[in-house]
Structures are given as C-alpha cells and as structure tokens.
Amino acid sequence: MKIFIDTADIDEIRQANDLGLLDGVTTNPSLVAKTGKPFRAVLEEICEVVKGPVSAEVVATESELMLNEARELAKIAKNIVIKLPLTEDGLRATKTLSGEGVKTNVTLCFSAPQAWLAAKAGATYISPFVGRLDDICQIGMELIEQILTIYNNYDFDTEVLVASVRSPLHVVEATMMGAHVATIPFKVIQQLVKHPLTDLGLARFLEDWKKVPQ
Ligand code: E4P
C-alpha cells in the first residue's frame, strides 16, 4: 500500500519524506488554510520536495470553472493530481480530465455508488473519508471493503485512497483489505513507527551493552 501524507505543512512533509517511505501528498483547502501561505506557493514548495503524486483541490463548484482551475493547477508541476469533489459537476470534470490524460483524485466520497460512478468517470484515485463516517457512527472501513469489491468485480483501474485516517488501526485495516493508498496525517505516521516494547527493548540492550568488555 502506498503512503501519502495528508497535510500542506512543508516541515511535516520534509520529515515524512526523510523517512524514505513517502509516496505522495494530499492537500485540501482546510489544510492549505492552516499554512497561512498562498495556495500556489504551497503547492510549488511541496512539489519541489516530493516527486510522487501531489493532490491539489479545485474550489469551483461548476464543471467548466473546475476545468479552468484544473488546467492552471496542472501547470505547477508534472506530479500534480487534480482533486475534485464528488458532485455531478465534479464527475463531469473528472470525465473530461481523464479523457485528456490528467490525473484526478475524486474526494469527499461517502458511499459505494459514489465510488462506482467516480471509477466510471475515469478517476485515477477515489478518496473515501473513513474517519468522518466513523464520526457519525457508520463504520468507515466497511465502505473501503465495498469499494474494493466493486472495483475488483469490474476491473476498474481507479485506486482506492483511504482518506480521513485518524489512527494506526485504520491503516492496518486498509493494508489487510488491500487498499491501494492511505493518506495519513503526520502524527499517525509517527504512531505507526512507535511501540513501547521497542523502546523498552532498545533501552535494555543499550544498558546491557555497557557490561560487554570492549
Ligand atoms: C483527503 O484527501 C482529505 O484531505 C482528508 O483525508 C480529510 O481528513 P479529515 O476528515 O481528518 O479532515
């Protein structure tokens, strides 16, 4: 499963990239707003650090305007992926962009039929938001299972990008289900590495090492 980081914070992106395990980045308007910097500058900075797919979201709500925005965003770097909302206009724009060979990430997906339509529109990635479903007492990961089954049944190339990840458990379940990508907040990436028994074991080894004659 590929690891994307879900942030627009360049320091977090650099740190995750230094691990050598980062495959891409997803941003959204809320994440960009947190940086306090202009949208284009944020994306340029990210694309200098990460060569894998970097999702940049359109904010227009009408398909023709989405397409104008998408074409401008695509000029920033070769690895920009256009993120579009799962609306009728978003699907129309996705279909057009995929026909032009532009990579797309259809976001704000909360149901299996939505994911099916995004794949039919030729989306490169579908982003189901598991954490936000959990928040309203629906099991987000069940949606991932449904989408993977549907895509597998019809051999869709669209990759399932597990989004709105809140904990290592979401990541583990995503890998067990065979999701293609998870976009993970920096804090959760750090949590994936950590285990108290690793820390304890290492401390003990280092302490015992002092007793070994040098
Ligand atoms: C996906 O691309 C979104 O940026 C993100 O995963 C949303 O996560 P949230 O529900 O924690 O805001």
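**Entry 1: leucine 108**

I looked up leucine 108 and noted it as partly exposed because its relative accessibility is 32%. By the cut-offs I use, buried means under 20% relative accessible area, exposed means over 50%, and partly exposed lies in between (1.4 Å probe, protein chains only). The model is a predicted one, in which local features need pLDDT of at least 70 and side-chain atom pairs count only at pLDDT 80 or more, while totals for chains, interfaces and linings use all residues. Residues are numbered from 1 along each chain as its sequence is written, and side-chain values use heavy atoms, with hydrogens and water left out.

I placed leucine 108 in strand E5, residues 104–109. Helices (H or I, at least four residues) and strands (E, at least two) are DSSP runs, numbered from the N terminus. I also recorded that leucine 108, although not a glycine, has a positive phi of about 60 degrees. Most residues other than glycine have a negative phi.

**Entry 2: the chain as a whole**

I counted 11 helices and 8 strands in the protein chain. Its C-alpha trace spans about 75 × 40 × 30 Å along the principal axes. Of the 214 residues in the protein chain, 45% are buried.

**Entry 3: the ligand and its surroundings**

Where does the ligand sit? I found the ligand in the largest pocket. A pocket is defined on a 1 Å grid over the protein atoms alone, as an open set of points where a 1.4 Å probe fits, with protein on both sides within 12 Å along at least five of seven lines. A molecule sits in a pocket if more than half of its atoms lie within 2 Å of its grid points.

I listed the residues around the ligand as Asp6, Thr26, Asn28, Lys83, Phe129, Arg132, Ala163, Ser164 and Arg166; the criterion is a heavy atom within 4 Å of the molecule. This shell divides into 2 nonpolar, 3 polar and 4 charged residues. In that scheme Asp, Glu, Lys and Arg count as charged, Ala, Val, Leu, Ile, Met, Phe, Trp, Tyr, Cys and Pro as nonpolar, and the others, Gly among them, as polar.

I then noted distances to oxygen atoms of the ligand. An N or O atom in the side chain of lysine 83 is 2.6 Å from an oxygen atom of the ligand. For arginine 132, a polar side-chain atom lies 2.6 Å from a ligand oxygen atom. In serine 164, a side-chain N or O atom is 2.7 Å from an oxygen atom of the ligand. Taken alone, the ligand exposes 340 Å², and the protein buries 85% of that; these areas come from the Shrake-Rupley method with a 1.4 Å probe.

**Entry 4: serine 164**

I returned to serine 164, one of the residues around the ligand. Serine 164 lies in the loop between strand E7 (159–162) and helix H9 (168–177).

I located arginine 71 in helix H4, residues 63–74. Arginine 71 counts as partly exposed because its relative accessibility is 34%. Arginine 71 and valine 102 are 31 residues apart along the chain, and their C-alpha atoms are separated by 8.9 Å.

Glutamate 72 also lies in helix H4, and I noted it as partly exposed because its relative accessible area is 40%. Glutamate 72 and arginine 40 are 32 residues apart in sequence and 9.8 Å apart in space, C-alpha to C-alpha.

I found lysine 75 in the loop between H4 and strand E4 (80–85). Lysine 75 is exposed because its relative accessible area is 57%. Which side chain does the side chain of lysine 75 contact? I recorded a polar contact with the side chain of glutamate 72, at 2.8 Å. A polar contact is a pair of N or O atoms within 3.5 Å; within protein, one must be able to donate a hydrogen and the other to accept it, and residues adjacent in sequence count only if both atoms are side-chain atoms.

Conventions. On a 1 Å grid over the protein atoms alone, a cavity is a set of points where a 1.4 Å probe fits but cannot get out, and a pocket is an open set with protein on both sides within 12 Å along at least five of seven lines; lining residues have an atom within 4 Å of a point.
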